[in-house]
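Here's a quick briefing to read with the model open in your viewer. Take it topic by topic, and keep the sequence handy.

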Amino acid sequence: MRGHLLNCADSKAIQLFVSLTLACLIAAFSSAQQPEASNSTEPFLIFPNTQSPDGRYAIAWGLAKHADVWSKVFQLQQQHSAGAEATAEDGKQSDDVFKSVTAIAEDVENYVVDVHARKIIGKLECPRLPGWTHGREAEPDYWTVAGQVPNHQGLEVLWSPHSDFVLVNHTWRWDCVTFCAVTLNDGRATSQLDLNKPLGDAVRNLVAKSFPRGFQYTKKDLNVAFSDLKQVSDNKFSAVADAVVERYWSGGGAKVDFTVQPAAPGKIFKLVGVHAE
């Protein structure tokens, strides 16, 4: 009788063990079938419509020096990308995050990133000129928060057909912040070439010829902004340049033709011509 009771207890213990084991296995299997919720934050966010023709690269931005603000930016962008209908509270949150970034915008960084590997392959570091505009320091890099863009800012990106280099044009109002060509090779951004100064100087030399008699400003006072980037042939490109002295005078548009030729270790730049539109 005593042995029989022990056997019954052992049987119940075994049944309980088996039940718990099955429950754990079912829970683990069920969890594996569900998409894992991730609270991870990547170091960059890709700008819309900036991916290379082969889909591998893109232009992006980040806030490496401000992890607390970046976490809020990234979370807000994920919500925005999900396409859920925004509420009044969402709008307030978006405005608050936007103001947070505005306060530290000088620490914004722009990158060339590998979309497939999800990693930064180069930081954009072309010269950033203050421009002539009264009281203006050098503008920070470009950024957006859930579709909101800083006032008067614009970004234009043009990739080569083979995705081996990219032109990145960042404008502020009537001035160019940065305009550069970036070379890519074997998954790395290998070199950067400033286009703003040589093209801007060429436009200023042309436009200054049409200054009114007795005009109190000189060509160095001209703000030049580029737009409407186009690829004319393999390595030949064109852009429209607008030159103004703030609100005081406008020189109208000028067309700039230029060549960016791949070379080791960087790029060969050649200005083909500048002429009034």
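What follows is a short tour, from the whole chain down to single residues.

This is a predicted model, with four helices and 12 strands in the protein. Of its 277 residues, 42% are buried. If you look at contacts between residues at least 6 apart in sequence, 55% of them join residues at least 24 apart.

**Helix 3**

- Helix 3 takes in residues 88-103, 16 residues in total, and runs 23 Å from first C-alpha to last, close to the 22 Å you'd expect at 1.5 Å a residue.
- Which residues of helix 3 are buried? They are Ser94, Val97, Phe98 and Val101.
- These residues sit on the same side of helix 3, because they cover an arc of only 105° around the axis.
- As background, an α-helix has 3.6 residues a turn, so residues three or four places apart point the same way.

- Ser94 belongs to helix 3, and its relative accessibility is 10%, so Ser94 counts as buried; the cut-off for that is under 20%.
- The Ser94 side chain has a polar contact with the side chain of Gln148, at 2.7 Å.
- Setting aside neighbours within four places in sequence, Ser94 is in contact with Leu76, Val145, Ala146 and Gln148.

**Helix 4**

- Helix 4 covers residues 196-207, with 12 residues and a reach of 16 Å between its first and last C-alpha, close to the expected 16 Å at 1.5 Å a residue.
- Its buried residues are Asn196, Leu199, Gly200, Ala202, Val203, Arg204 and Val207.
- Strands are what the buried residues of helix 4 pack against: strand 7 (175-185), strand 8 (188-194), strand 9 (223-231), strand 10 (236-245), strand 11 (249-262) and strand 12 (267-276).

**Cavity**

- There is one cavity of 30 Å³ or more, and the largest cavity holds about 70 Å³ of space.
- Lining the largest cavity are Asn110, Leu124, Cys126, Arg128, Asp141, Leu155, Val168, His170, Thr178 and Cys180.
- Strand 6 (165-172) and strand 7 each put at least two residues into that lining.

- The largest pocket has about 310 Å³ of space.
- It is lined by 18 residues, and those closest to its centre are Leu45, Ile46, Gln77, Gln78 and Ser81.
- Strand 1 (45-46) and helix 2 are the elements that give two or more residues to the lining of the largest pocket.
- Which element gives the most to this lining? Helix 2 does, with five residues.

**Glu139, in a loop**

- Look for Glu139 in the loop between strand 4 (119-123) and strand 5 (153-159).
- Buried or exposed? Glu139 is buried, because its relative accessible area is 12%, and buried means under 20%.
- Not counting residues up to four places away in sequence, Glu139 touches Arg128, Gln153, Trp172 and Val177.
- With Gln153, the Glu139 side chain makes a side-chain polar contact of 3.3 Å.

- For context, most residues other than glycine have a negative phi.
- Asn49 isn't a glycine, yet has a positive phi of about 60°.
- You'll find Asn49 in the loop between strand 1 and strand 2, and Asn49 is exposed, with a relative accessible area of 80%.
- Arg118 is another residue other than glycine with a positive phi, in this case near 55°.
- Arg118 sits in the loop between strand 3 (109-114) and strand 4, and at 38% relative accessibility Arg118 counts as partly exposed.

Technical notes
Residues numbered from 1 in each chain as written. Heavy atoms only, no water. Expected span 1.5 Å × (residues − 1). Buried < 20%, exposed > 50% of the residue type's maximum accessible area, 1.4 Å probe, protein only. Arc of directions from axis to C-beta. Polar contact = N/O pair within 3.5 Å; in protein donor to acceptor, adjacent residues only side chain to side chain. Contact = heavy atoms within 4.5 Å. 1 Å grid on protein atoms, 1.4 Å probe; cavity = no way out; pocket = protein on both sides within 12 Å on 5 of 7 lines; lining within 4 Å. Points joined across faces, edges and corners; volume = space filled by probe spheres on them.
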